[in-house]
Every structure is written in structure tokens, then in C-alpha cells.
Amino acid sequence: MGVDMRQVVAGILTLTMFVMLGNMIKRDHFDSAVGETFPGDRHVNLDNAKIAKQVVTFPEKSVVPWKDDGLELKACWSKPGLDGVEQTNGFVVFSLTNGPEYHVSQIADAVVVARSLGATLVVPDIRGNKPGDQRSFEEIYDVEKFLKSLEGVVRVTKNPPAKLSTRNLAVVRVPNRVTEDYITEHIEPIYRNKGTIKLVTYFPSVNMKKADKESPSDSVACLAMFGTLELQPEIQEVVDSMVERLRTLSRKSDGQFVAVDLRLEMLEHKGCRGDGESGAKSCYSADEIGTFLTKLGFSKDTTIYLTETKWDSSLDYLKDVFPKTYIKDGIIPADKKAKILDSDTTEFEKVVDFYVCSQSDVFVPAISGLFYSNVAGKRIASGKTQIIVPADISQSSASFADFITHYVTKKNHLAYSCFC
């Protein structure tokens, strides 16, 4: 049978058309996905915060590694007794000042000094920044817990002799983390001469790193710093209520929230300038914090607590990026606002901020200093090690782990000397 060449050519042409069509279909299907931006695919340049808030897209859920708290560490220190400590008849008087981040350090220094001198420690009062801003210890802290925690370590009294006047006492300034050598050389001679002294702790620098070598007073300092201060029940109830409220608002992130220490007055005071030695900045603005958290992958549904007391327009961008951004006024129980926010002192506000930041799932210090360092210490002791330090990130995304505080990654915080 003869073959019609026209039919053969037509068949070849038809087959070629089907092959070409198939290739076109395959190429259209895969090429269409190239360049497509899905939620969470952070290819947006966020270097300009004002542009970022118009174009940035977020993941439906945070892509940061939220994690459960680690195990609460156990105290490594043993409670020292008074055996071998010569007891004297004098008193050590002091006041707690400037907020809870200072209180823990002031307590530690006073206990170490009083024990070393064999003196009786007088329960401190609490003083604010304004003249006459003074309150009793038990208005904020549990005084019975304080007394019980120091039993057998140092003598403590709530009621010093009536003849003891604080007006004429010798005032002795002591550097934070005072050493036995310093006490022997600079404090003991004054105490022996006067019989009673008033301590005032000063901070030559913010140094919460582990000491290079152990000191005989380490156990005493650890106990005083981490084992003596608890909030009195009413204030603790306020903190617990605020934390519970923040967790309720964080349902889309399994009840986890971020606390940011961002106080506008402190930002203005520090000027957010770079550090001359390392080039690192000492503080970050609300805009910078918003951009930083976005680049780390926090979703727009992330709940954020700010330590700022009153809302300011400079916080608006952060609120635009993270709508669930709150200050105390929106979180504190209504029946406690008068006591905490409308008081003639800021002491209650500072205490609430310190303890909420200590309990959040992630803590971000927008301001360097003692608040950051002592909140970090409390968090490390309780296993809450997600503490991220802001930085200027040039790329459009970054790894969460790269910004965990050196206090945790290098385990160089004083807390690691006290807990194990």
C-alpha cells in the first residue's frame, strides 16, 4: 500500500503542535509562581520606617521561635549562719530609691555590709525622686517575707530604738557590689567610730556580669538579691491581673506576649546616641523597635506591653504596625488605677513595669541600664531567657537567635553565679 506523503507531513506538524502546547502549559504553570509574594515572605525593605508601615506584609502567625520557659534554676548558694560573725551593738540604716531595679542592688549591698560589721539592719523606707516622696517598706514589699528570708544571716529590725535619729547619722557612700576589702578599709572605721551609719549605694557603672573570682560574701549577696524581695499581696495581685489580661489578648500567639521597656523620658535623657566603645546605641525609639520586631518576624497580632505610662504620638507607628500595643492604662484593673496611676508618686508604676517585664514571654529593653540588667537577672533565675537586645538591622530579615542578650548566650550574668 502506498504512503501519501502529505498525510505524513500533516501528522508530524500536528504532533509538533501538541508538544509545543504542552511545553507552553508547563512553563506558564511554574513561571507564574516566580516573584509571587506570600504572607511572611519578608522581601520588603524596612530601612525606612515611614515607608515600611505602608508596604510591609506580615505572616499570619509569628515566625519567631516562641518557646516555653526553661526550667526554673535552683539556688546554688547555701544560707550562711552567724557562727563566727562578731556581733556589735550598732545599726545600718538605708533607703530604697529610684525604683525596683535599684532596690534589689541596694538590698544586696546593705545586707552584705551589715553582716560584715555584725550590725543590725533596719528595714528600709522607700523614697521617690520628689522631696517628701516617702513610704514604708510594706506598702510595696512583703515585710514578713523579708524578715524571714534573712533569719540567721543578719539581724534585722522593723523598730529601731527611739533614740536613733537618722538626721545626725554618718552617711557612707558604697559602690554597688561592695567587696569585703572595701568594707574593711572604708566603712568599718567609720562604723567603729560612730556606732551607726546610713548607707547610700552609688553605681559607678552598670555591672551585672559574673565576677572573675568568688568572694566570701557571694552567698549573702545572692540571697539578698534574689531571695528577699516579694511584692505585698495587693501589688502582686495587680501584676498577676495585668499579666493574665495580656495573655488573654494574645490568643493568636497561644497566650504569649512581648514586654518592651520604652520610657520616653529616658529616651530623651539618653538622646539615643551610639556608644563610643562599641558603636552600639544605648536606646531605641518606638519606630525603631517596631521595625526591629517586624524584621525578626513577629506578626501584626503580637501583643506588646510598653512601660511608658502615657500615650504619645511618637508611639503611633508602633501601634500601626502592632495594633495590640498597650500601656498600663489599658491593662490595669479599673479599681486599681487610682492607686497605681493617679498616685502622687511613680513608685507603684515602676514596680508594676519591673515585674510585668520579668514575667513576659519575650523581653525587649529599648533602653540600656539597670532596669534591663536586673530584669534579666530575675528572668534568668526563673528560666525566662528570651531577652532580645535591639540593633539596627540592614537586611530585610534577621534571625531571632542573633539578638539574644549576651547575659544568656555567654551565661555571664551575675545570676548564673547564684543559680545552677
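Reader: Which residues touch the most other members of the largest nonpolar core, and what makes a set of residues a nonpolar core?

Author: In this predicted model, L262 and I388 touch the most other members of the largest nonpolar core, which has 113 residues. Helix α3 (residues 100-117) gives the most to this core, with nine residues. The term stands for a set of buried Ala, Val, Leu, Ile, Met, Phe, Trp, Tyr and Cys residues that are joined through side-chain atoms within 4.5 Å. I388 itself touches, among others, F292, L293, V362, F400 and I404, leaving aside residues up to four places away in sequence, where contact means heavy atoms within 4.5 Å.

Reader: How do you know what to count in such a model?

Author: Local features need pLDDT of at least 70 and side-chain atom pairs count only at pLDDT 80 or more, whereas totals for chains, interfaces and linings use all residues. Residues are numbered from 1 along each chain as its sequence is written, and side-chain values use heavy atoms, with hydrogens and water left out.

Reader: Why is strand β7 described as largely enclosed?

Author: Strand β7 (residues 196-202) has five buried residues out of seven, and it is therefore largely enclosed by the rest of the structure. Buried means under 20% relative accessible area, exposed means over 50%, and partly exposed lies in between, with a 1.4 Å probe and protein chains only. Strands (E, at least two residues) and helices (H or I, at least four) are DSSP runs, numbered from the N terminus.

Reader: What makes β1 and β6 partners of β7?

Author: Two strands pair if DSSP finds at least two bridges between them; β1 (residues 91-97) has four with β7, in the parallel sense, and β6 (residues 170-175) has six with β7, also running parallel, so both meet the definition. F94 has L199 as its bridge partner in β7, and R173 stands opposite V200 in β7. From β6 the chain crosses through helix α5 (residues 180-194) to β7, and this β-α-β crossover is right-handed, because the path from the first strand over the helix to the second runs clockwise when the strands point away from the viewer.

Reader: Why is the pair E234 and K336 called a salt bridge?

Author: The closest N and O atoms of E234 and K336 are 3.3 Å apart, and a salt bridge asks for a side-chain nitrogen of Lys or Arg within 4 Å of a carboxyl oxygen of Asp or Glu, so the pair qualifies. E234 lies in helix α7 (residues 233-248) and K336 in the loop between β10 (325-326) and α11 (337-340), so the pair ties together parts 102 residues apart in sequence. E234, at 29% relative accessibility, counts as partly exposed, whereas K336, at 16%, counts as buried.

Reader: What makes the link between N176 and D109 a polar contact?

Author: The side chains of N176 and D109 come to 3.1 Å. A polar contact is a pair of N or O atoms within 3.5 Å; within protein, one must be able to donate a hydrogen and the other to accept it, and residues adjacent in sequence count only if both atoms are side-chain atoms. N176 lies in the loop between β6 and α5 and, at 11% relative accessibility, counts as buried.
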